[in-house]
2 protein chains.
Amino acid sequence: MLVEVSRPSDRTAILGVARSVEVFSDEEVDTVDELFEGYVESPEKSGYNFLSCREGEALLGFACWGPTPLSKGAVDLYWIATAAEAQGKGVARALFDGVVEAARAAGRWLMVIWTSSRPEYQAARNFYQRMGCDLVVQLTDFYDRGEDLCVFTRRLEALTPQK
Amino acid sequence: MLVEVSRPSDRTAILGVARSVEVFSDEEVDTVDELFEGYVESPEKSGYNFLSCREGEALLGFACWGPTPLSKGAVDLYWIATAAEAQGKGVARALFDGVVEAARAAGRWLMVIWTSSRPEYQAARNFYQRMGCDLVVQLTDFYDRGEDLCVFTRRLEALTPQK
């Protein structure tokens, strides 16, 4: 199992994984496609980076992240998605670690994750907390009536003792 | 003094106001220009709306806001800026009220404001709090080392008694 920057030829498989994730709406799948197109043209210009997790020729999952606009230190983690048939193998964790490493290499020190309070995302929220992310704010009715925005953050520096 | 949707011919005056605001960097002034171009082409497509506050032919200030991407209920208030010579006349308040009214008319119920913890923005933060906004989170080192993100929100519904 290997995490590396996505190849342009991964597009079909990435959209297949996005479609297989039940919590993604059609609108969100379309957005993945648009962002991947921007990434293929230029990660720097578009601000979107993709990582693929693969085993041989099979794409097990992908992550999309990018520097937060107007910020010198933050990155947004937009998506991590695992193919249905690859659940339980640690794909999401491997992708998360890959994003942390890539963001650190880009000189960034803070990861920010915007997600929804919907019950379907409970597993995702639990995952982010296992990865050491903190829920820093929950904004009531942000996405829709009854659907809040949850913002998680994770510091990317190695932890140093408090002085 | 009148607040109305900006005219394409306001562009030069709006950029003049943006440049006169000392806390705006060149990058931010350029961003105002890009967003205004998007607004003139299509507020719906670009997601950016501008309001102008004028007295006769003079532009006293402008506001930029738009529906928050992926949200059914939120709007982002991107900027409110007052010309240096028009300070102290209630221009910012009139623009803020204009955005609240326009956002309500668009069926939106929540205003979100992303701003910086830098000392130069203290007056802006005080203003948002006077306008009934709550500081819901302060994200350490978000923009840069020592420069936090402050998120303010304001509900747009008329307040109703708690049941």
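**Sheet, helices and chain contacts in a predicted model**

In chain B, strand E3 (residues 58–67) and strand E4 (residues 74–82) run antiparallel and are joined by seven bridges. Within this pairing, Gly61(B) has Thr82(B) of E4(B) as its bridge partner. The model is a predicted one, and the values reported here are computed from it.

Two helices of chain B are placed against these strands. Helix H1 (residues 11–20) of chain B lies across E3 and E4 of chain B, and the direction of H1(B) is at about 90° to E3(B). Helix H4 (residues 91–105) of chain B packs on the sheet at about 35° to the direction of E3(B). The strands of chain B touched by H4(B) are E1, E2 (49–55), E3, E4 and E5 (110–116).

E3 and E4 of chain B belong to an open sheet of seven strands, with mixed pairing and the order E1-E2-E3-E4-E5-E7-E6. Strand E1 (2–5) and E6 of chain B stand at the edges; each has a single partner strand, so one side of each lacks a neighbour in the sheet. On average, and with direction ignored, neighbouring strands of this sheet are turned by 25° against each other.

Contacts between the two chains involve 17 residues of chain B and 17 residues of chain A. On the side of chain B that touches chain A, strand E6 (134–144) and strand E7 (147–155) of chain B each supply at least two residues. E6(B) gives the most to this side, with seven residues. By class, the side of chain B that touches chain A has 10 nonpolar, three polar and four charged residues.

Elsewhere in chain B, Gln129(B) is found in helix H5 (residues 122–130). Gln129(B) counts as exposed because it has 12 C-beta neighbours inside 10 Å, the limit for this class being 12 or fewer. Gln129(B) and Leu51(B) are 78 residues apart along the chain, and their C-alpha atoms are separated by 21 Å.

Chain A has five helices and seven strands, which follow the pattern β-α-α-α-β-β-β-α-β-α-β-β along the sequence. The C-alpha trace of chain A spans about 50 × 40 × 35 Å along its principal axes. A compact globule with 163 residues would have a radius of gyration near 15 Å; the value for chain A is 15 Å and therefore agrees. Of the 163 residues in chain A, 36% are buried. Among contacts in chain A between residues at least 6 apart in sequence, 53% join residues at least 24 apart.

Technical notes. Residues numbered from 1 in each chain as written. Chains lettered and ligands numbered in written order. Predicted model: local features only at pLDDT ≥ 70, side-chain atom pairs only at ≥ 80, totals over all residues. Contact = placed C-beta atoms within 7 Å. Helix = DSSP H or I, 4+ residues; strand = E, 2+ residues; numbered from the N terminus. Nonpolar A, V, L, I, M, F, W, Y, C, P; charged D, E, K, R; others polar. Pairing = 2+ DSSP bridges. Axes fitted to C-alpha atoms, helices over the stretch in contact; angles between N-to-C directions. Buried ≥ 20, exposed ≤ 12 C-beta atoms within 10 Å, placed from the backbone. Rg over C-alpha atoms; globule rule 2.2 N^0.38 Å.
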